[in-house]
Amino acid sequence: MQTRQKLSLPSMGCGTWAWGNQLLWGYDESMDQQLQAVFNLCVNNGVTLFDTGDSYGTGRLNGRSELLLGQFSREYLGFGRENICIATKLAAYPWRWTRKSMVKACKLSAQRLGRNVDLVQMHWSTANYAPWQEGGLLDGLADLYEQGLVKGVGLSNYGPKRLKRVQQKFAERGVPIATLQVQYSLLSTYPVTELGLKDVCDELGIKLIAYSPLALGLLTGKFTEKGSFPKGVRGILFRQLLPGARSLLSCLREVAEYRNKTMSQVAINWCICKGTIPIPGAKTLEQARDNIGALGWQLNSSEITELDKAAASADKKMVQNIFQTK
């Protein structure tokens, strides 16, 4: 067994995912240069956890997301370089069902990154549609840790019942689960308020990572019922959600104005105050600066209570990931 280094996670990370698993990073050379600047700004300001997946930028793009992330990591030479933590998620493809296939997948991710993966995560559970497939994948995940190929392992889109089973399975091999990643925001409180995941994670010593903390951009305040909508699925979803989110957005705006912060910063800070590690996406310097502005301060208890009430009163919630288990 190889010697393992301890996994260290910062308070906030940056995600390279997008709605529909479309690649945000690397459409063309000019965008790549812009994204290198985004990466540099984030690391220099203490945002050192970067989350991606081996299914992001696949097909003709040949794993472009991991390739670029590895390139950005190598070319950054400034403050905080030694703290960069790269997390990737391995997809539970139908043809990927043995433990060896997971080890191979992680090694391929490492090749694209040009470095070992720090945190490897199971992208989703197959329990909802092919429970027989999951055993081998989980064994492979544990193998990666035992072989010293990664610093930590995590899960994504698992509910408390499934999480406890996996934790027991891993504990028998002496493999700790470092993180659990779920969709969590003011418009998607389901994993915490209804499934009770935060309490279970605290009990098991697992860090809860909140993906889509800005609800695909709906909590930024940039979209209104009478304004323009994003194209495609996001636009359809926003048209359905915005009418029922009026009171929440109003409360969010009120807190932001009082704090002299943006709505995005308040929404992200709320996630931090709830004890999670939010991973908002950023593809421009403006977005990165806005996200970074969520750090270094905290909402007070009364503000959190008001936001909690507004979130609970929203008529419609964000659609849950179809792979989320209970």
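**Chatting through a predicted model**

Trainee: Quick one to start: is A215 buried or exposed?

Mentor: A215 is buried, since its relative accessible area is 1% and the cut-off for buried is under 20%. Keep in mind that this is a predicted model.

Trainee: Where is A215 found?

Mentor: It's in the loop that runs between β7 (207-211) and α8 (233-241).

Trainee: And what's the phi of A215 like?

Mentor: Positive, at about 50°, although A215 is not a glycine. As background, most residues other than glycine have a negative phi.

Trainee: What about N157, what is its phi near?

Mentor: Phi of N157 is near 65°, which is again a positive value in a residue other than glycine. N157 is in a loop too, the one between β5 (152-156) and α5 (160-171).

Trainee: Is N157 buried or exposed?

Mentor: Buried, because its relative accessible area is 3%, and under 20% counts as buried.

Trainee: OK, zooming out. How many helices and strands does the protein chain have?

Mentor: Twelve helices and eight strands. The radius of gyration is 19 Å, close to the 20 Å that the globule rule gives for 326 residues, so the protein chain is as compact as a globular protein of that length.

Trainee: What does the C-alpha trace span along its principal axes?

Mentor: About 55 × 45 × 35 Å.

Trainee: And how much of the protein chain is buried?

Mentor: Buried residues come to 56% of the 326.

Trainee: Now charges. How many positive and negative ones are there, and how far apart are their mean positions?

Mentor: There are 39 positive and 27 negative charges in the protein chain, and their mean positions are 4 Å apart.

Trainee: Switching topic: how many disulfides does the count come to?

Mentor: Zero, with a disulfide taken as a pair of cysteine sulfur atoms within 2.5 Å. Take C251: the nearest cysteine sulfur belongs to C273 and is 14 Å away. For C273, the nearest one is that of C271, 9.4 Å away.

Trainee: Let's do some helices. Which helix holds S109?

Mentor: S109 is in α3, and with a relative accessible area of 0% it's buried. Leaving out residues up to four places away in sequence, S109 touches D54, E66, T88, L90 and V117.

Trainee: What about L113, where is it found?

Mentor: In helix α3, which covers residues 99-113. L113 is at 0% relative accessibility, so it counts as buried. Apart from neighbours within four places in sequence, L113 is in contact with E66, L69, G70, R74 and I86. E66 is also among the residues that S109 touches.

Trainee: And how far apart are L113 and D54?

Mentor: 59 residues in sequence, and 10 Å in space, C-alpha to C-alpha.

Trainee: Which helix has Q167?

Mentor: Helix α5. Q167 is partly exposed because its relative accessible area is 24%. Not counting residues up to four places away, Q167 touches I177 and L204.

Trainee: How far is Q167 from V255?

Mentor: They're 88 residues apart in sequence and 39 Å apart in space, going C-alpha to C-alpha.

Trainee: Last stop, T126. Where is it found, and what is it in contact with?

Mentor: T126 is in the loop between β4 (119-122) and α4 (131-146). Setting aside neighbours within four places in sequence, T126 is in contact with A92, P131, Q133, E134 and L137. T126 counts as buried because its relative accessibility is 0%.

Definitions and conventions. Residues are numbered from 1 along each chain as its sequence is written. This is a predicted model: local features need pLDDT of at least 70, side-chain atom pairs count only at pLDDT 80 or more; totals for chains, interfaces and linings use all residues. Side-chain values use heavy atoms; hydrogens and water are left out. Helices (H or I, at least four residues) and strands (E, at least two) are DSSP runs, numbered from the N terminus. The radius of gyration is taken over C-alpha atoms; the globule rule is 2.2 Å times the number of residues to the power 0.38. Buried means under 20% relative accessible area, exposed over 50%, partly exposed in between (1.4 Å probe, protein chains only). Lys and Arg count as positive and Asp and Glu as negative; His and the chain ends are not counted. The place of a charge is taken as NZ of Lys, CZ of Arg, CG of Asp or CD of Glu. Contact means heavy atoms within 4.5 Å.
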